[in-house]
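Please look over the sequence and structure below. A short report on them follows.

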Amino acid sequence: MAAKQYKAIGEEAWKNNVEKVNAELFIFTYGSLVVQLVKDFEDYGAVNKQLDKMGYNIGVRLIDDILARTGIDKCADFHTTAEVVAKVGFRVFLNIAPAIANWSADAKEFSLILEDNPLNDFCELPPKAVQEGLWYSNVLCGVIRGALEMMQMQTEVWFVHDVLRGDDVSEIRVKLVKILDEEVPVGDE
Amino acid sequence: MSNTATGPVSSATQLLSALSLDGRNSAEGRQINSSALEFLLPELVNALVSTTLRTKQISERIALGLDAQEDASDKHSPSTEKGQEYNATTIPGNPSMGSGWLDLPEDEELVEQVCVKLEMVGFRVGKRIAERFSPLSRRLTDTLDIVKFICKDVWTLLFNRQVDNLKTNHRGVYVLQDNKFKWFLRMSGNNGGAAAARRAQPYIWLPCGIIRGILDSFGTNTVVIAETLGLPQCTFQIKVVSEEQMVARA
């Protein structure tokens with residue numbers, strides 16, 4: 001039931017509360033940025049890291065935007081969090097809703113299956129990038145991590161599969177490390 | 001995307017027609033939240049600042065010789081340190097830096113290098129925009145046509161509005177004026193107009209590159225510069241560079 005509710009919230013926000021633009025400018029800009037980072041770093045691992053970092057910075061700001069647009073309350077458990085990330089977060093920004101799958105037994109890890117990742121549009125990775133481990137859409141991991149951290153959830157987020165690398169699906173894994181104490185400034189360790 | 005042309009016989013021509021059809025049909029195309037790009041842009045600039053800084057530090061270290069490697073990390077010049085903080089742009093627990101829009105490092109040379117990179121990022125975007133959206137129903141026959149295509153079609157696609165004013169001297173200079181340039185609309189600041197304009201500086205280079213990229217893919221060499229008299233107004237000046245001038249330069 002909850003799942004339906006968040007689906008509706010996400011779709012409602014997308015429909016009525018979002019200024020929509022053509023995705024191409026975003027997609028091309030992102031692609032061009034990745035090209036530039038590859039040139040600058042000459043190391044795909046470093047590019048992954050940089051993309052994740054950028055995503056994190058985006059995530060910590062983006063969460064406010066989502067809360068403001070949807071009026072969602074704090075999530076009661078990690079299952080709800082997964083629902084909100086997939087059905088509200090992704091819907092409101094990219095107009096997609098990844099499927100949630102592969103829950104771990106302790107309910108602290110789940111996967112997001114992206115059937116239709118806009119960032120992948122018009123994109124093809126050179127073999128070298130695949131070999132050396134570029135996760136082209138790694139920014140998404142950072143966004144999820146950053147946004148959840150603002151909600152007092154410390155997580156690890158990483159790509160497991162990516163269609164751009166020849167996998168059948170694109171899969172992002174999200175793992176809850178711990179709930180951060182509200183009293184302590186977030187990230188202050 | 002090419003799901004219209006499936007099967008093993010999807011030859012290049014089939015794929016091509018599928019692509020162009022796709023281009024036609026998707027006048028609206030895939031849509032996303034316009035905030036997505038607004039979130040990405042500052043990070044794009046920040047990332048390029050930190051990579052440029054990194055490159056610079058590495059080359060400095062090399063110039064100083066290997067022995068200086070440890071020293072180099074110790075004795076940063078003030079501007080370098082500022083740049084280093086850049087790396088950790090948004091400090092967790094400090095979400096009040098809501099805009100993600102930070103001060104640029106004071107090192108002018110560095111800022112210039114960042115701008116060059118941003119222009120190149122834009123240039124590649126422009127090339128791809130031209131490929132994807134160049135009109136199929138009419139032919140663009142001269143530079144003015146292409147510029148008009150940018151002012152109307154491209155601007156509408158990208159910013160949901162047209163350029164406010166287009167002027168030309170009919171001798172290869174075109175001036176586009178956008179009174180509410182979308183990327184500048186939300187750039188507020190408390191340090192007065194000049195500081196805001198300075199911080200906006202890198203963001204201007206991206207669209208400059210885009211415009212140059214589009215013109216380039218139609219075979220027109222140009223130099224595109226932009227200035228703002230006050231945010232969010234923005235004026236782009238396109239200057240056609242002829243072959244001879246190109247040769248003369250080189």
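The model is predicted: local features need pLDDT of at least 70, side-chain atom pairs count only at pLDDT 80 or more, and totals for chains, interfaces and linings use all residues. Residues are numbered from 1 along each chain as its sequence is written, while chains are lettered from A and ligands numbered from 1 in the order in which they are written.

**Interface**

Chain B puts 36 residues in contact with 40 residues of chain A. Contact means that the C-beta atoms of two residues, placed from the backbone, lie within 7 Å. On the side of chain B that touches chain A, the elements below each supply at least two residues. Helices (H or I, at least four residues) and strands (E, at least two) are DSSP runs, numbered from the N terminus.

| Element of chain B | Residues |
|---|---|
| β1 | 31-33 |
| α2 | 34-64 |
| α5 | 108-133 |
| α6 | 143-159 |

α2(B) gives the most to this side, with 12 residues. By type, the side of chain B that touches chain A has 17 nonpolar, 13 polar and six charged residues. Here Ala, Val, Leu, Ile, Met, Phe, Trp, Tyr, Cys and Pro count as nonpolar, Asp, Glu, Lys and Arg as charged, and the others, Gly among them, as polar.

β1 of chain A (residues 20-22) and β1(B) are antiparallel, with three bridges. Pairing requires at least two DSSP bridges between two strands. A:Val21 has B:Ile32 as its bridge partner in β1(B).

**Sheet of chain A**

Four strands of chain A form an open, antiparallel sheet in the order β2-β3-β5-β4. β2 (99-101) and β4 (153-161) of chain A stand at the edges with a single partner strand each, so one side of each has no neighbour in the sheet. From one strand to the next, the twist averages 30°. β2(A) runs antiparallel to β3(A) (residues 109-114), joined by three bridges. A:Ala99 stands opposite A:Ile113 in β3(A).

Helix α6(A) (residues 139-150) lies across β4(A) and β5(A) (170-179), at about 165° to β4(A). Axes are lines fitted to C-alpha atoms, for helices over the stretch in contact, and angles run from 0 to 180 degrees between N-to-C directions.

**Helix α3 of chain A**

α3(A) (residues 44-70) has 27 residues. Of these, 19 are buried, so α3(A) is largely enclosed by the rest of the structure. A buried residue has 20 or more other C-beta atoms within 10 Å of its own, with C-beta atoms placed from the backbone. After α3(A) comes A:Gly71, with a positive phi near 65°.

Technical notes:
The expected span of a helix is 1.5 Å times one less than its number of residues. A residue is buried if 20 or more other C-beta atoms lie within 10 Å of its own, exposed if 12 or fewer, and partly exposed in between; C-beta atoms are placed from the backbone.
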